[in-house]
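Me: I want to learn how to read salt bridges and helix packing from a model. Can we work through one case?

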Amino acid sequence: MIRILALFGLVLMAACTNPNDLDEAPAYLGNFHLGHNVVVAPNLTKGPASREASKEEWIAAMTEAMTDRFGRYEGTKLYHLGVSVEGYVLAIPGVPLVASPKSALILNVTAWDDAKASKLNDKPHLVTVVESFSGNTFLGSGLTQSKEKQLENLSRNAAKQIQNWLVQQNNEFGWFEDDGVPANDKPRPAARQAEAPQAEATIVPATLSEDAPAPAPAETPSAADLASAAAEVIEEPEVAPAPAE
């Protein structure tokens, strides 16, 4: 009974982060509009007991996931996001409930303010993601999913984790507020109108142009880091409460 309750608790923790919300209104990010969407993988490390995936496959999967999530924002100020994929585990088939590893992904993120031509975070933000719990992954996705599906799921989870972090930064530090006041310190603004003037965004998938922000280099994760990531569940941070009726 104790073991069953413990497993149920893990499922509830994993449910705190749901990447399948792209058909809903995006979480509030002030006046954010996606500019450069740069994904690189110069230090890509494969963890233990993992399927093989190339840099090109990770770059393509993360670029698509980032575009799907952040391309929905209709603000009028450009912000650039640089992602460096550092390490991964794509679970291979194992013995259910005994040796069935979880897939995991480690990456670094840097956000840039286009108008100020400067980074919003001086040090890259580390994101650690594991596969979502579901009927298909409860016993390990290596048993039930293809490599391509694992790549897609981890990339979508990573984009959601990045959104969570940006929401938290805007709530606490006003990163995407025109007046720089943290969103937590003022009433939640009404949704921006669809007819508001739009900034012209340049999406740069996978490659770097001369003026595109490059993710800052970071230490390559060790096999121990990746193994630990495969056993970790990240909870979704709190967001600013909705104004009282």
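Reply: Start with a definition: a salt bridge is a side-chain nitrogen of Lys or Arg within 4 Å of a carboxyl oxygen of Asp or Glu. Keep in mind that this model is predicted.

Me: How many salt bridges does the structure hold?

Reply: Five. Take Glu52 and Lys46: their side chains meet at 3.0 Å, N to O.

Me: Which residue meets Glu57 in a salt bridge?

Reply: Lys147, again at 3.0 Å, N to O. This pair links distant parts of the chain. Glu57 sits in helix H2, Lys147 in helix H4, and 90 residues separate them. Glu57 counts as partly exposed, at 27% relative accessibility.

Me: And which residue pairs with Lys186?

Reply: Glu177, at 2.9 Å, N to O. Shared partners extend the picture: salt bridges join Glu177, Asp179 and Lys186 into one network. Glu177 has 6% relative accessibility, so Glu177 counts as buried. Lys186, at 23%, counts as partly exposed.

Me: Now the helices. What is the span of H2?

Reply: H2 covers residues 55-70, 16 residues in total. From first C-alpha to last, H2 reaches 22 Å, close to the 22 Å expected at 1.5 Å a residue.

Me: Which residues of H2 are buried?

Reply: First the general idea. An α-helix has 3.6 residues a turn, so residues three or four places apart point the same way. In H2, the buried residues are Trp58, Ile59, Ala61, Met62, Thr63, Ala65, Met66, Arg69 and Phe70.

Me: What covers the buried residues of H2?

Reply: The cover includes strands S1 (32-40), S3 (77-89) and S4 (104-113), along with helix H4 (147-173).

Me: How do I describe the packing of two helices?

Reply: Use the angle between their axes and the distance between the axes. Here, H2 and H4 pack at about 45°, with axes 8 Å apart. That angle makes H2 oblique to H4. The crossing is right-handed.

Me: Which residues meet where H2 and H4 pack?

Reply: From H2, the contacts involve Glu57, Trp58, Ala61, Met62, Ala65, Met66, Arg69 and Phe70. From H4, the residues they meet include Lys147, Leu151, Leu154, Ala158, Ile162 and Leu166. Glu57 and Lys147 are also the salt-bridge pair discussed above.

Definitions and conventions
Residues are numbered from 1 along each chain as its sequence is written. This is a predicted model: local features need pLDDT of at least 70, side-chain atom pairs count only at pLDDT 80 or more; totals for chains, interfaces and linings use all residues. Side-chain values use heavy atoms; hydrogens and water are left out. Helices (H or I, at least four residues) and strands (E, at least two) are DSSP runs, numbered from the N terminus. The expected span of a helix is 1.5 Å times one less than its number of residues. Buried means under 20% relative accessible area, exposed over 50%, partly exposed in between (1.4 Å probe, protein chains only). Contact means heavy atoms within 4.5 Å. Axes are lines fitted to C-alpha atoms, for helices over the stretch in contact, and angles run from 0 to 180 degrees between N-to-C directions. Angles under 35 degrees count as roughly parallel, over 145 as roughly antiparallel, 65 to 115 as roughly perpendicular and the rest as oblique. A crossing is left-handed if the near helix is turned anticlockwise from the far one by less than a right angle, and right-handed if clockwise.
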